[in-house]
Amino acid sequence: MIFLKNYYTRTTEKVDVISIHADVNYAIRDSGATEGLATITAPAAGAAITVIEKLPEAYDARKEALAVYPAEGKKATTRRKEEVDLGARVKAAMLGRSLSVPIKDGKLTLGHREEIILIDCELTAKRREYLVQVMGESGGGEEGEGGMPLGMMGGMGEE
């Protein structure tokens, strides 16, 4: 079974570190998967997905660390002659724009204090999309919620 759900969040004009852990758990629950793999992706440039411990100091330290990446404050021009923030793209590329976490017994296999976060490195406020794809098997039967086959449950979420 493959399940895909889109989520959206609003970002600010600063580097944002946003917990998306609950949304990932909701996608796993909605998929009906008890064993498998959850892959979380930020499809647009300038954002990264990673894991961090749920500590305010860890969030602050992550933001401070991002300030020393190469290309901070530099711009580049795309083939379409659009000016883009080069520093945000370098940060996102180095951190990774996707993350895959195994699912066991319907839960993510992370430490009990860890959570999945989206880091928006661009210094512009925007509506940021991220996707959660769950691939796996349900613990019982061939059907998910409402008697629908598990492979047919994926849908597009709205804001």
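Start at Lys81, in the loop between strand 5 (75-77) and strand 6 (83-85). Strands here are DSSP runs of E, at least two residues; helices are runs of H or I, at least four residues; both are numbered from the N terminus. Lys81 has a phi near 70°, a positive value in a residue other than glycine. Lys81 counts as exposed because its relative accessibility is 69%; exposed means over 50%, buried under 20%, partly exposed in between (1.4 Å probe, protein chains only).

A note on the model: it is predicted, so local features need pLDDT of at least 70 and side-chain atom pairs pLDDT 80 or more, while totals for chains, interfaces and linings use all residues. Residues are numbered from 1 along each chain as its sequence is written, and side-chain values use heavy atoms, without hydrogens and water.

Next, select Asp105, in the loop between strand 7 and strand 8 (107-108). Phi is positive here too, near 55°. At 57% relative accessibility, Asp105 is exposed.

Now go inside. A nonpolar core is a set of buried Ala, Val, Leu, Ile, Met, Phe, Trp, Tyr and Cys residues joined through side-chain atoms within 4.5 Å. The largest has 22 residues. Select Ile20, Val24, Ile40, Ile49, Ile116 and Val134, which have the most contacts inside it. Among the elements that each supply at least two residues of this core are helix 1 (21-31), strand 3 (35-41) and strand 10 (127-137).

Zoom in on Ile20. Beyond its neighbours within four places in sequence, Ile20 is in contact (heavy atoms within 4.5 Å) with Ile40, Ile49, Ile116, Ile117, Leu118 and Tyr130.

Last stop: a second, separate core of 10 residues, including Val15, Val17, Tyr59 and Tyr69.
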